[in-house]
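Here are some friendly notes to read alongside the model. Please keep it open while you go through the points.

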Amino acid sequence: MNLPNCPKCNSEYVYEDGILLVCPECAYEWDPNEVVEEGLVVLDSNGTRLADGDTITVIKDLKVKGAPKDIKQGTRVKGIRLVEGDHNIDCKIDGFGAMKLKSEFVKKV
């Protein structure tokens, strides 16, 4: 039987252990029948998965360096874009322009 390479380290020395596949090089175990979710996964403050183009609401006042005012709680942001990093939401906010937000401070509408 031809087994797939390890998804973590790409080792070819994978073996079966019951229903799981095991990599002897990195000790990673996985179920080959389980659907693997690829790509960037970003969750809002409630644990709801966000996607590009979603509309979100800010859940608390956010201070912005160099700006004369804060982003107020309840501000709606349309057409977000998800990116890698600590501030994982790129968006444009009326009155502020281009902005990067942390997903822990927003909720999906």
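Is Trp 30 buried or exposed? Trp 30 counts as buried, at 10% relative accessibility (buried is under 20% relative accessible area, exposed over 50%, partly exposed in between, with a 1.4 Å probe and protein chains only).

1. A word on the basis. This is a predicted model, in which local features need pLDDT of at least 70 and side-chain atom pairs count only at pLDDT 80 or more, while totals for chains, interfaces and linings use all residues. Residues are numbered from 1 along each chain as its sequence is written, and side-chain values use heavy atoms, with hydrogens and water left out.

2. Overall form. The protein has 11 strands and zero helices (DSSP runs numbered from the N terminus: strands are E, at least two residues, and helices H or I, at least four). Its radius of gyration is 20 Å, well over the 13 Å that the globule rule gives for 109 residues, so the protein is more spread out than a compact globule (the radius is taken over C-alpha atoms, and the rule is 2.2 Å times the number of residues to the power 0.38). Along the principal axes, the C-alpha atoms fill a box of roughly 65 × 25 × 20 Å. Of the 109 residues, 28% count as buried.

3. The aromatic pair. A search of the whole structure finds one such pair. Tyr 28 and Trp 30 are stacked, at 5.5 Å centre to centre with 15° between the planes (ring centres within 6.5 Å, using the six-membered ring of Trp; planes under 30 degrees apart are stacked, over 60 edge-to-face, the rest tilted). Tyr 28 counts as partly exposed, at 27% relative accessibility.

4. A three-stranded sheet. This open sheet runs β7-β6-β11 with antiparallel pairing (strands pair if DSSP finds at least two bridges between them). Its edge strands are β7 (76-77) and β11 (106-108), each pairing on one side only. Between β6 (residues 56-58) and β7 there are two bridges, and Thr 57 has Arg 76 in β7 as its bridge partner.

5. The cores. The largest nonpolar core has 16 residues, of which Leu 50, Ile 56, Ile 71, Ile 80, Ile 89 and Leu 101 touch the most other members (a core is a set of buried Ala, Val, Leu, Ile, Met, Phe, Trp, Tyr and Cys residues joined through side-chain atoms within 4.5 Å). β6, β9 (89-93) and β10 (97-101) each supply at least two residues of this core, and β9 gives the most, with three. Apart from this core lies another of five residues, including Cys 6, Leu 21, Cys 23 and Trp 30.
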